[in-house]
Amino acid sequence: MTMELSTKKEYGAELRNVVVNRLEKLMEKNERIIALDADLSAASNWNKLAAAHPNQFINVGVSEANMVGMASGLSIAGFTPFIHSFGPFVTRRVFDQLYLSGGYAKTTINIYGSDPGFAVGPNGGTHTTLEDVALMRSIPYSVVCDACDATQMDWIIAEFSRREGIHYVRGNRKSVHDIYPADAQFELGKGNVLREGTDGLLVASGQLVYEALEVANRLEKTGVSLTVIDMFTIKPLDEALLLKECQGKKFVVTLENHSITGGLGSAVAEVMAEHQLAIPLKRIGVSERFGEVGTPDYLQEAFGLTTEAIEEKIENFIQ
């Protein structure tokens, strides 16, 4: 679908507060919604949920695998659990529990993995997740989202509360640029065309949607016209939209704050290959490296994901 964008180029609300505020509203209406955090309720601000709804909040301590097991048990008992930790600790560290106690057992677990990729900042390499999308995509029937702004994150959390199954959303804890107006509506499994172009297709997700739009504006001045898609649902991917927007394009570029292995770029490449689309494809993300200590701005530059670096990579690709 084609979406109308916000005219603001500002930072919105902190995504952690967006999640908290939405969960609090959901809890007020439904006492079966339970929030679980793994000793990060101060960092996630989920301590507000503990104060407002003490009977619907559990701090499990530094015990993420147990948190997933508890969430599975709560689901079996008829509750709707939401769990949070930093991205690697609710995906990589607990993958066996998610796969078996979640997916295999057909329980409902809603997962917020915070500070993916360069958003991790000075917490360092152990806390960096560049593989969470790849892992979560591999669980049968899972839903995997990458929220680009506050409006989208708010909608995703509300939508997850209405569904059964394994649902994962990744997103910065802090503020990111506003992309959508406050009243925007979305659909899981459907990408959004944010900009129309004629030469190439740029498919982005998450925090880098803002950079995708900035790069498209810059390249327009050099005579390169790009269509930009916000593919916020990476699984299930909007194959119909991708195939439609590939028509007549000279090249396709994917952009993600994640490893190029197993993430958005891989998902797009799989669809293009299966439909025999002979269009050059460039995947821009993180390649063959681990995380490190640094500010988010430093890490974004180190990972080659700044507006300037992305623009240069696309220009070199299409020469």
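This is a predicted model: local features need pLDDT of at least 70, side-chain atom pairs count only at pLDDT 80 or more; totals for chains, interfaces and linings use all residues.
User: Is the peptide bond from Lys235 to Pro236 cis or trans, and what is omega near?
Analyst: Most peptide bonds are trans. The bond from Lys235 to Pro236 is instead cis, with omega near -5°.

User: What is phi of Asn45 near, and is the value positive or negative?
Analyst: Asn45 is found in the loop that connects α2 (41-44) with α3 (47-52). Most residues other than glycine have a negative phi. Asn45, although a residue other than glycine, has a positive phi, near 65°.

User: How many helices and strands are there in the protein, and what is its radius of gyration?
Analyst: The protein contains 12 helices and 14 strands, and its C-alpha trace spans about 60 × 40 × 40 Å along the principal axes.

User: Which strands stand at the edges of the open sheet of seven strands?
Analyst: The order in this sheet is β3-β2-β4-β5-β7-β6-β12, with mixed pairing, and neighbouring strands are turned by 20° against each other on average when direction is ignored. An edge strand has a single partner strand, so one side of it is left without a neighbour in the sheet, and this holds for β3 (57-59) and β12.

User: How many bridges join β2 to β4, and do these strands run parallel or antiparallel?
Analyst: Strand β2 takes in residues 33-37 and strand β4 residues 80-86, and within this pair Ile33 stands opposite Thr80 of β4. The two strands run parallel, and the number of bridges that join them is five.

User: Which strands does helix α7 lie across, and at about what angle does α7 run to β7?
Analyst: Helix α1 (residues 15-29) lies across β2, β4, β5 (109-114) and β7 (166-171), where its direction makes an angle of about 145° with β2. Helix α7 (residues 150-160), for its part, lies across β4, β5, β6 (143-146) and β7, and its angle to β7 is about 165°.

User: Into how many nonpolar, polar and charged residues does the contact of α1 with α7 divide?
Analyst: The two helices pack at an angle of about 35° with their axes 9 Å apart, and their crossing is right-handed. The contact is made by residues including Leu15, Val18, Val19 and Arg22 of α1, together with Ala150, Met153 and Asp154, among others, of α7. By class, the residues of this contact are nine nonpolar, no polar and two charged.

User: Which strands stand at the edges of the open sheet formed by five strands?
Analyst: This sheet has the order β9-β11-β10-β13-β14 and mixed pairing, with a twist that averages 25° from one strand to the next. The strands of residues 192-195 and 281-286 each have a single partner strand, so one side of each is left without a neighbour, and these edge strands are β9 and β14.

User: Which residue in β13 stands opposite Leu202?
Analyst: Strand β10 (residues 200-204) is joined by five bridges to strand β13 (residues 251-259), and the two run parallel. Helix α10 (residues 264-274) lies across β10, β13 and β14, at about 145° to β13. The residue of β13 that stands opposite Leu202 is Val253.

User: How many nonpolar, polar and charged residues does the contact of α8 with α12 have?
Analyst: Helix α8 (residues 209-220) packs with helix α12 (residues 307-318) at an angle of about 55°, their axes being 9 Å apart, which means that α8 is oblique to α12. Their crossing is right-handed, and the contact includes Glu211, Glu214 and Arg218 of α8 as well as Glu308, Glu311 and Glu315 of α12. The residues divide by class into four nonpolar, one polar and six charged.

Key. Residues are numbered from 1 along each chain as its sequence is written. Side-chain values use heavy atoms; hydrogens and water are left out. Two strands pair if DSSP finds at least two bridges between them. Helices (H or I, at least four residues) and strands (E, at least two) are DSSP runs, numbered from the N terminus. Axes are lines fitted to C-alpha atoms, for helices over the stretch in contact, and angles run from 0 to 180 degrees between N-to-C directions. Contact means heavy atoms within 4.5 Å. Angles under 35 degrees count as roughly parallel, over 145 as roughly antiparallel, 65 to 115 as roughly perpendicular and the rest as oblique. A crossing is left-handed if the near helix is turned anticlockwise from the far one by less than a right angle, and right-handed if clockwise. Ala, Val, Leu, Ile, Met, Phe, Trp, Tyr, Cys and Pro count as nonpolar, Asp, Glu, Lys and Arg as charged, and the others, Gly among them, as polar.
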